[in-house]
Amino acid sequence: MLQSSQPIYPVAGIRTIETAAMPTAKPPLMERAGRASAEEAVRLMIDRPGALLIACGPGNNGGDGFVMARHFLQAGRQVVVAFSGDTAKLPGDAKKAWEAWRDAGGETLSDLPAAPPEGWALVVDALFGIGLQRPITGRYAEWIRALNALPGPRMSIDVPSGLCADTGRVLGVAFRATHTVTFIALKPGLLTLDGPDHCGELVVKRLDLDANAFLPAPGWEVRPALFADQFTPRRLNAHKGLFGDAVIIGGAPSMCGAPLLAGRAALRAGAGRVFVGLLDPRAPAVDLVQPELMIRSAEHALSEGQAIAIGPGLGRDTVAADLLRQALASDHALVLDADALNLIADDDTLAGAATRRHAPVVLTPHPAEAARLLKCSPDQVQQNRLDAVIELSRRFDAHAVLKGHGSLIAHPNGRWLINRSGNPGMSAAGMGDVLTGLLAGLLAQRWPIEAAIIGAVHLHGAAADLLLAKGIGPIGMSASELPDAVRILLNQWVAQHHRQ
Ligand SMILES: NC(=O)C1=CN([C@@H]2O[C@H](COP(=O)(O)OP(=O)(O)OC[C@H]3O[C@@H](n4cnc5c(N)ncnc54)[C@H](OP(=O)(O)O)[C@@H]3O)[C@@H](O)[C@H]2O)[C@@H](O)CC1
Ligand SMILES: Nc1ncnc2c1ncn2[C@@H]1O[C@H](COP(=O)(O)OP(=O)(O)O)[C@@H](O)[C@H]1O
Ligand SMILES: [K+]
């Protein structure tokens with residue numbers, strides 16, 4: 001069974017859902033959140049006897065911590081709660097949760113205690129959740145640093161404290177959880193930038209709410225279920241003409257490797273034929289490692305194919321710009337990567353031609369390329385990757401993929417997604433070229449545009465995860481190893497889907 005995709009809401013959306021659900025929620029949402037956290041904690045503490053430490057903060061995240069503590073106390077488990085604020089200033093529900101903890105016989109320490117000799121069974125971070133407003137400093141920062149230094153499992157309630165739930169930025173310092181239990185739905189900051197490094201294993205507890213019924217989800221996580229419609233087994237009577245022609249354009253002098261890698265990826269993704277159009281007049285006439293690739297001059301290759309990807313190793317001279325102009329004038333689906341993006345960033349006429357195109361355009365920038373397109377700094381892009389990808393899609397009226405861990409996809413219809421596959425083995429030259437080739441390969445097979453983008457981005461990361469699981473990486477994983485893993489996965493998924 002393919003797992004269905006989960007919705008993602010920025011904090012404002014979560015707040016809307018909470019406000020709508022809260023008045024009628026019985027038991028109250030904080031009770032549900034505390035209980036759900038306790039259930040998850042029990043799973044983490046199997047084989048770990050002893051006390052657990054819960055650090056509670058001054059808002060409702062702290063309230064969840066008090067509820068969780070009470071459950072363990074009532075179950076006869078030793079719990080130590082640390083809270084450095086003023087209980088009189090706790091917001092309503094959190095105050096009630098503290099009172100219930102106190103009334104159950106719970107004790108609250110005003111500072112972090114020393115760890116027992118056998119260590120804590122579990123360290124729980126209930127300091128800040130979606131209400132984090134500014135960088136953490138002072139005593140809370142000291143607490144987080146001290147908690148991060150403790151051995152054993154560390155669980156965050158809702159959001160690792162210090163992590164911005166919307167962007168995945170660390171504000172000052174952040175708790176590094178081995179497990180995070182998040183409520184109602186996923187938030188973007190848990191899935192991109194520094195989010196995954198701080199969340200550890202991430203579990204969503206919906207608190208018995210159907211978030212989508214309160215507020216249609218603006219974003220979704222990428223899952224194979226979203227493109228499984230395309231998993232069609234091949235007929236015995238199939239022939240290459242059914243699987244389309246992909247065209248890759250690039251390879252200025254000394255940069256031929258990039259389009260060849262993309263071409264190999266397009267083949268492994270199943271394209272019937274792959275044309276690679278190289279700009280370098282002295283480029284080899286054949287790829288001896290992959291002789292199936294049909295190498296042409298760039299000009300010649302442009303007249304072939306159902307899907308064109310242009311950019312890998314393209315260069316930025318007038319020849320490159322002219323080829324890009326021709327590609328933009330074609331009526332095929334077009335993937336723009338690398339130097340094609342840089343050319344567009346520098347030339348309003350090319351940018352205009354991309355924006356006005358009728359056939360689909362896919363932009364696949366890494367953060368520095370996105371920054372050139374948006375005329376800002378890479379840092380500004382990374383400060384809010386979701387806003388950046390949505391803005392790119394809007395400005396160019398195109399599909400956009402902002403690469404990096406937790407790649408984001410935005411469609412011109414406003415829908416956005418975050419991909420969770422992939423690992424740091426992919427932080428190596430040529431990985432982006434492979435993604436470009438996969439996109440061209442799936443588009444050549446006439447996958448609908450959204451399915452092709454989501455599918456390519458997910459497969460790309462999942463292939464790297466497969467290599468990682470086999471011990472091939474993260475150190476030393478190379479881009480040319482990825483296409484074979486893509487082929488294995490795609491065939492497995494199609495076969496599994498049709499056995500169900
Ligand atoms: N609402 C609900 O129905 C449900 C909510 N739930 C739970 O509540 C959480 C949200 O609760 P929340 O809104 O109270 O925010 P929270 O994350 O506890 O932090 C706010 C507090 O921190 C303070 N503060 C902020 N930044 C700071 C900083 N840098 N350094 C120091 N202080 C800082 C801020 O103070 P202020 O900014 O006002 O000075 C305020 O006191 C949510 O993540 C989930 O766990 C669940 O129970 C499900 C139902
Ligand atoms: N740590 C990581 N986790 C997941 N994916 C990654 C990671 N590092 C890189 N990638 C992926 O690898 C690809 C790198 O692309 P790019 O930066 O264009 O590389 P190149 O230009 O060398 O081909 C992107 O798809 C990116 O999302
Ligand atoms: K937290």
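Keep in mind that the model is predicted.

Let me start with the sheet. Seven strands make an open sheet, and the pairing is parallel. The order runs β4-β3-β2-β5-β6-β7-β8. At the edges sit β4, residues 108-109, and β8, residues 201-205. Each of these edge strands pairs on one side only. Look at the β4 edge. Strand β3, residues 79-83, pairs with β4 in the parallel sense over 2 bridges. Thr108 in β4 is the bridge partner of Val81.

Now put a helix on that sheet. Helix α3, residues 60-74, packs on the sheet. It touches β2 (52-56), β3, β5 (122-126) and β6 (154-157). The direction of α3 makes about 155° with that of β2.

Which residues does UniProt mark here as "binding site"? The unreviewed entry places that feature at Asn61, Asp125 and Ser161. They span 101 residues in sequence, yet no two of their C-alpha atoms are more than 9.5 Å apart, so they gather at one spot.

Take Asn61. This residue is in helix α3. Is Asn61 buried or exposed? Buried, because 26 other C-beta atoms lie within 10 Å, and the cut-off for buried is 20 or more. Leaving out residues up to four places away in sequence, Asn61 touches Ala126, Leu127, Phe128, Gly129, Gly131, Ile157 and Asp158.

Next, Ser161. Its place is in the loop between β6 and β7, where β7 is residues 179-183. Ser161 counts as buried too, with 29 C-beta neighbours inside 10 Å. What does Ser161 contact beyond its neighbours within four places in sequence? The contacts include Asp125, another residue of the annotated site. Also among them are Gly57, Leu127, Phe128, Ile144 and Ser156. Leu127 and Phe128 are on the contact lists of both Asn61 and Ser161.

On to the second site. The unreviewed UniProt entry also has a "binding site" annotation covering Lys403, Gly404, His405, Gly406, Ser407 and Gly432. These residues span 30 residues in sequence, yet no two of their C-alpha atoms are more than 14.2 Å apart, so they gather at one spot.

Two of them deserve a look. His405 is in the loop between β16 (399-402) and β17 (408-410). Gly406 is in the loop between β16 and β17 as well. His405 has 20 C-beta neighbours inside 10 Å, so this residue counts as buried. Gly406 is buried with 25 other C-beta atoms within 10 Å.

Now their contacts, again without residues up to four places away in sequence. His405 touches Thr192, Pro196 and Gly422. Gly406 touches Thr192 and Pro196 as well, and its list also includes Gly168, Leu191, Ile418, Asn419 and Arg420.

Last item: helix α10, residues 318-329. This helix has 12 residues and reaches 16 Å from its first C-alpha to its last. That is close to the 16 Å expected at 1.5 Å a residue. Which residues of α10 are buried? They are Ala320, Ala321, Leu323, Leu324, Ala327 and Leu328. They cover an arc of only 160° around the axis, which puts them on the same side of α10.

Definitions and conventions. Residues numbered from 1 in each chain as written. Chains lettered and ligands numbered in written order. Predicted model: local features only at pLDDT ≥ 70, side-chain atom pairs only at ≥ 80, totals over all residues. UniProt positions renumbered as here; feature names shortened; annotations may be inferred. Buried ≥ 20, exposed ≤ 12 C-beta atoms within 10 Å, placed from the backbone. Contact = placed C-beta atoms within 7 Å. Pairing = 2+ DSSP bridges. Axes fitted to C-alpha atoms, helices over the stretch in contact; angles between N-to-C directions. Expected span 1.5 Å × (residues − 1). Arc of directions from axis to C-beta.
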